[in-house]
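Welcome! Let us take a short walk through this structure and stop at a few places along the way.

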Amino acid sequence: MKKGCLILLETIKLMSEQVFDFGKMLWFEDIWRDREERVYQEFFGPLPKTVLPLRPEALRAILGPDTSLEESWLHFAVIEFAPNEKHSDWLYVTSAFSQPWKIEDPAQLDRNNYSGAGFEIVLRTPERAGWAVDVLHRLSAYQIGVYFEKLKGKLFTYHDWMPLNGPISSQYPDSKVRGMFITRPQDYPARFELRSGQVDFLQIVGITGDELAYGIFKTMPRLEKQLYEKGAAPTTNPARSSIELPEQYHLPEYLAERF
């Protein structure tokens, strides 16, 4: 059995012991399996053995050291896909945001609505990258806090951006890539469907301060177009410089300090 499904079964067992009848939770397992074993393999290639669950310390680093953690949060994970015939880069994707955690009765499922939080997050790199897992774990912790109403904020959507308050990879301390930007995938479908509803793939691309300034002044869709045209997307290279932009702008001081 795949590691992701083993993690899921542990979650279901715990949930059944606390609240639900185990036999009635099989639909929950089916949705998890459908995402990982059908959708992910169709888009990203064979399901690997490398599944990296979110750690308590990653959650507490974002939610606060005294936060009481819900067991379900520890089953959010990042799956690592090595280069294959589907893509030539290393691809990291979250799993569990599209799980319908807040639904207890499958009769409440709605294919025409969003499933769970309505997205999964993707980050792609030119080589195997532990830093990519760290970034996704931090972003996951933040989005879990928002989704489960432990933090103020918003759930991510296309063209959102965020300073990372430092280099995207600690291996490149002088990197100019110090922020993230959410783009729509262009070489695989941006949306998929589960029994529980619709799910968007939010593809993260690392950006520099100059690139963010361009997006703020010229619109984020135009920045997205530039990043893809200049080869800075869909794969994030932490060692790259800013792309050549049609016009140059400066970030407001409060943002420049975070880049």
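In what follows, Ala, Val, Leu, Ile, Met, Phe, Trp, Tyr, Cys and Pro count as nonpolar, Asp, Glu, Lys and Arg as charged, and the others, Gly among them, as polar. Please keep in mind that this is a predicted model.

Our first stop is the second largest pocket, which holds about 170 Å³ of space. Its lining includes Lys-176, Thr-208, Gly-209, Asp-210, Ala-213, Tyr-249, His-250 and Phe-259. Helix α5 gives the largest share of this lining, with three residues.

Helix α5 (residues 209–218) also packs against helix α6 (residues 220–229), at an angle of about 140° and with the axes 6 Å apart. That angle makes α5 oblique to α6. On the α5 side, the contact involves Glu-211, Leu-212, Tyr-214, Gly-215, Ile-216 and Lys-218, and they meet Met-220, Arg-222, Leu-223, Gln-226 and Leu-227 of α6.

Here is the make-up of the two residue groups side by side.

| Group | Nonpolar | Polar | Charged |
|---|---|---|---|
| Lining of the second largest pocket | five residues | four residues | two residues |

Our last stop is the aromatic rings. How many aromatic pairs does a search of the whole structure find? The search gives 21. One of them joins Phe-43 and Tyr-188: the ring centres are 6.5 Å apart and the planes are at 35°, so the pair is tilted. Phe-43 sits in helix α2 (residues 26–44) and Tyr-188 in the loop between β6 (177–183) and β7 (191–194), so this pair ties together parts that are 145 residues apart in sequence.

Key: Residues numbered from 1 in each chain as written. Predicted model: local features only at pLDDT ≥ 70, side-chain atom pairs only at ≥ 80, totals over all residues. Heavy atoms only, no water. Axes fitted to C-alpha atoms, helices over the stretch in contact; angles between N-to-C directions. Helix = DSSP H or I, 4+ residues; strand = E, 2+ residues; numbered from the N terminus. Parallel < 35°, antiparallel > 145°, perpendicular 65-115°, else oblique. Contact = heavy atoms within 4.5 Å. 1 Å grid on protein atoms, 1.4 Å probe; cavity = no way out; pocket = protein on both sides within 12 Å on 5 of 7 lines; lining within 4 Å. Points joined across faces, edges and corners; volume = space filled by probe spheres on them. Phe/Tyr/Trp six-rings, centres within 6.5 Å; stacked < 30°, edge-to-face > 60°.
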